[in-house]
Amino acid sequence: MVLLSTDYKLHIPVMVKEVIELLDPSPDGVYVDATLGCAGHSMEILKKLGLNGRLIGIDRDETAIEISKDLLNDSRVILKKAKFSQLLEVLKELNIDRIDGIIFDLGVSMLQLKDFSRGFSFYSENNLDMRMDQTDSLTAWYVVNKYPEKELERILREYGDEPFARRITKEIVRQRSKKTIDTCKELAELVKRVVPRHGKLHPATQVFQALRIEVNKEIEELKAGLSQAVELLKKGGRICVISYHSGEDRIVKNFFKEKEKEGIIRVFTKKPILPSLEEVFRNPSSRSARLRGGEKL
């Protein structure tokens, strides 16, 4: 399936109202959307900015940058291809040393899921890929077919909270000893055969999540991004993070607690804000979202 030009326009950003309330953008402020995606949160932030406000949109996916050039065609907007770990570097290049707010939405982008050639979807007959940055070298194919059994099991358990990690890993190793597991669909079908799981979620959801996190080094990038974001915030500047699984949320929660204990930030959300039932009904992709926010002291 090829991504249609209209698909990204149907993307529904998660918890926009809650994000804007937490960020509380000031008209002349400088804001960073660290996960530009289809520009959903960026467009709402931009509506709050005056003529002197600025919005820096960052994404490691070149496709997101290209799409957002059309959606955010505004002189107050600067778009940059970069990872979380390059935040300080990017803003230094722009001669920006302090920001008023930053948003991280850690969910996988619709444009990546819809484009089967990117190798993120259960139903894709393209090779396992899952690289957000197409210039990176590590792919999901390599992780599935070349990683040692113990390491693969650890990834499924830690990054996917997959209770059947051992069973799935053993089947992957057995299968790849005969023939490599090449496509997304092959892997998804393998997981379906060995996991006794039924319901609305695809049985391979947690496996695909774990592989995506490993391929894109999302845990390492998140930790680096949070540290650099707080360093960049001016006094009173605000940070918002939307996570979608317990491992990510635990990192964000512990980071906020640590910085609050050090007297660096004030945490607004002792417990994460969850999407309303109405939002989950309207946008099922939001069902696992958890929003946390804080303010630099």
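Start with C240: its relative accessibility is 0%, so this cysteine counts as buried. Keep in mind as we go that what you're looking at is a predicted model. What is the closest cysteine sulfur to that of C240? It belongs to C38, and the two sulfurs sit 20 Å apart, too far for a bond. C38 is itself buried, with a relative accessible area of 4%. Turn the view around and ask which cysteine is closest to C38, and you land on C184, whose sulfur is 19 Å away, again too far for a bond. A disulfide would need the two sulfurs within 2.5 Å. Searching the whole structure for disulfides gives a count of zero.

A39 isn't a glycine, yet its phi is positive, at about 70°. You'll find A39 in the loop that runs between β1 (30-33) and α2 (40-48). Is A39 buried or exposed? Its relative accessibility is 0%, so A39 counts as buried.

N95 has a positive phi too, near 60°, and again the residue is something other than glycine. This one is in the loop between α4 (87-93) and β4 (99-105). Here the solvent picture is another story: at 72% relative accessibility, N95 counts as exposed, the cut-off for that label being over 50%.

E153 lies in helix α7, which covers residues 149-160. With a relative accessible area of 7%, E153 is buried.

Follow the chain past the end of α7 and you get to D161, in the loop between α7 and α8 (165-176). How exposed is D161? At 35% relative accessibility, D161 counts as partly exposed.

N283 is located in the loop between α13 (277-282) and β7 (290-296). Its relative accessibility is 7%, so N283 counts as buried, given that buried means under 20%.

On to the charges. How many salt bridges does the model have? The count comes to 28, going by a nitrogen–oxygen distance within 4 Å. Let's visit a few of them. R131 pairs with D129, and their closest N and O atoms are 2.9 Å apart. R131 counts as buried at 15% relative accessibility, and D129 is buried as well, with a relative accessible area of 10%. R212 and E218 form another salt bridge, with 2.8 Å between the closest N and O atoms. Both of those residues are buried too. Then there's D182 with K179, where the closest N and O atoms are 3.5 Å apart. In that pair, K179 is partly exposed, at a relative accessible area of 42%. Salt bridges can also share partners, and in this way R60, K83 and D136 are joined into one network.

Which residues form a positive surface patch? The members are R250, K253, K257 and K261. To get your bearings, take K257, which is found in helix α12, spanning residues 246-261. K257 has a relative accessible area of 52%, so it is exposed. A patch residue has to have over 30% relative accessible area and no salt bridge, so K257 clears the accessibility part of that rule with its 52%.

Key:
Residues numbered from 1 in each chain as written. Predicted model: local features only at pLDDT ≥ 70, side-chain atom pairs only at ≥ 80, totals over all residues. Heavy atoms only, no water. Buried < 20%, exposed > 50% of the residue type's maximum accessible area, 1.4 Å probe, protein only. Patch = residues over 30% accessible without salt bridge, like charges linked within 9 Å, V, L, I, M, F, W, Y side chains within 5 Å. Areas by Shrake-Rupley, 256 points an atom, 1.4 Å probe, with all protein chains shown as cover. Salt bridge = Lys/Arg side-chain N within 4 Å of Asp/Glu carboxyl O. Lys, Arg positive; Asp, Glu negative; His and termini not counted. Charge placed at Lys NZ, Arg CZ, Asp CG, Glu CD. Helix = DSSP H or I, 4+ residues; strand = E, 2+ residues; numbered from the N terminus.
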